[in-house]
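Me: I would like to learn how to read a protein structure one feature at a time. Could we go through it together, with the general idea first and the particular case after it?

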Amino acid sequence: MEQVYIVVEDYENSNADPIQLNAGDTVKLGGKSNDEGPWANWIYCVSERTGKAGWTPVQILQMNGATGTAITDYTAEEMTVAVGDILYATKELNGWLWCLREADNQRGWVPKNCLCHAEKR
């Protein structure tokens with residue numbers, strides 16, 4: 001279900017070359033995030049198909065030792081946002097929301113702590 005948010009803190013995309021996985025892709029597993037910290041349930045992966053690396057939600061992986069297989073498509077594409085932007089979120093994973101900015105039809109992940117629920121317009 002789509003949720004409407006307003007950006008309350010600027011966020012700049014820090015991921016110029018994000019990892020992108022297709023269901024069935026295999027990855028080499030690296031370090032895992034601190035499950036007691038603010039960004040729990042993330043693991044650093046390297047795609048065997050593309051060679052791209054990045055943080056990936058553990059929920060989308062079937063892990064087997066030092067490797068994993070994506071069970072769904074995933075991109076780590078982030079979106080730069082500014083205070084006042086209106087976003088429409090369709091998915092939440094580990095403190096991040098997959099959003100659409102209607103003003104320019106851009107899509108990407110935005111940290112939830114930069115957003116506040118807004119009323120539908």
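Me: In which strand is the place of Thr-56?

Reply: This is a predicted model, in which local features need pLDDT of at least 70 and side-chain atom pairs count only at pLDDT 80 or more, while totals for chains, interfaces and linings use all residues. Residues are numbered from 1 along each chain as its sequence is written, and side-chain values use heavy atoms, with hydrogens and water left out. Strands are DSSP runs of E with at least two residues, numbered from the N terminus, and Thr-56 has its place in strand S5.

Me: Is Thr-56 buried or exposed, and which residues does Thr-56 touch beyond those up to four places away in sequence?

Reply: Buried means under 20% relative accessible area, exposed over 50%, and partly exposed in between, using a 1.4 Å probe and protein chains only. Thr-56 counts as buried because its relative accessibility is 0%. Contact means heavy atoms within 4.5 Å, and, leaving out residues up to four places away in sequence, Thr-56 touches Ile-19, Leu-21, Asn-41, Trp-42, Ile-43, Cys-45, Leu-61 and Tyr-74.

Me: Which residues of the largest nonpolar core touch the most other members?

Reply: In soluble globular proteins, nonpolar side chains tend to be buried together. A nonpolar core is a set of buried Ala, Val, Leu, Ile, Met, Phe, Trp, Tyr and Cys residues joined through side-chain atoms within 4.5 Å. Here the largest such core has 29 residues, of which Leu-61, Leu-87, Cys-99 and Leu-115 touch the most other members, and strand S10 supplies the largest share of this core, four residues. Setting aside neighbours within four places in sequence, the contacts of Cys-99 include Met-79, Leu-87, Val-110 and Leu-115.
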